[in-house]
Amino acid sequence: MLKVGEVAPDFELLTSKGTTVKLSSFKGKKPVVVFFYPADNSPGCTKQVIAFEKKSPDFKSKGAEVFGVSSQGKAEKEKFIKTTSASSTTLLIDDGEKVRKAWDVPRALFGAFPGRVTYVIGRDGTVKGLYDDLANAELHPVKALDILEKTEAVAVPDKKKNIFGF
């Protein structure tokens, strides 16, 4: 598993719509949350993606991009997106689990299942924090937001104040 402070390995993965997402394109621009989940359309993963979707406005307010990663293909992703109404969370296809392996995401339940790990990657491309818990799928976005708040906080100007501060 990647450790805090390590540079996150770059990846280039497809979405269900056929567009490509390259992690390094965000370096120097914005933080990125990458969550690995075991399988599309499973009960725990459905809860996790819905939880990320509900927290989408919070991630946007912090300037973060959020990507979910699993190995299922385009058809499964499209079905999963419809099931979860995931319109704000981008789900990526990790064909052959290449990125999962490069990021050393551990397998769960004695190696029987792909693990569930969420990473927060800072603007500098390094791991700022992570949350590894297969059972508590709905906590992943909460933990990611906590990490973002502590490590990538950006002051948002108060639009109610004028140039004189009142």
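**Pockets and sheet: worked exercises**

The second largest pocket has a volume of about 190 Å³. The model is predicted: local features need pLDDT of at least 70, side-chain atom pairs count only at pLDDT 80 or more, and totals for chains, interfaces and linings use all residues. Residues are numbered from 1 along each chain as its sequence is written, and side-chain values use heavy atoms, without hydrogens and water.

**Exercise 1.** Find which element gives the most to the lining of the second largest pocket.

*Solution.* 
- Start with the term. A pocket is an open set of points on a 1 Å grid over the protein atoms alone, where a 1.4 Å probe fits, with protein on both sides within 12 Å along at least five of seven lines; lining residues have an atom within 4 Å of a point. Volume is the space filled by probe spheres set on the points.
- Next, the lining. It holds 14 residues; Gly44, Cys45, Arg116, Leu134 and Ala135 lie nearest the centre.
- Helix H1 (43–54) and strand E7 (113–114) each give two or more residues. Helices (at least four residues) and strands (at least two) are DSSP runs.
- H1 gives the most, with three residues.
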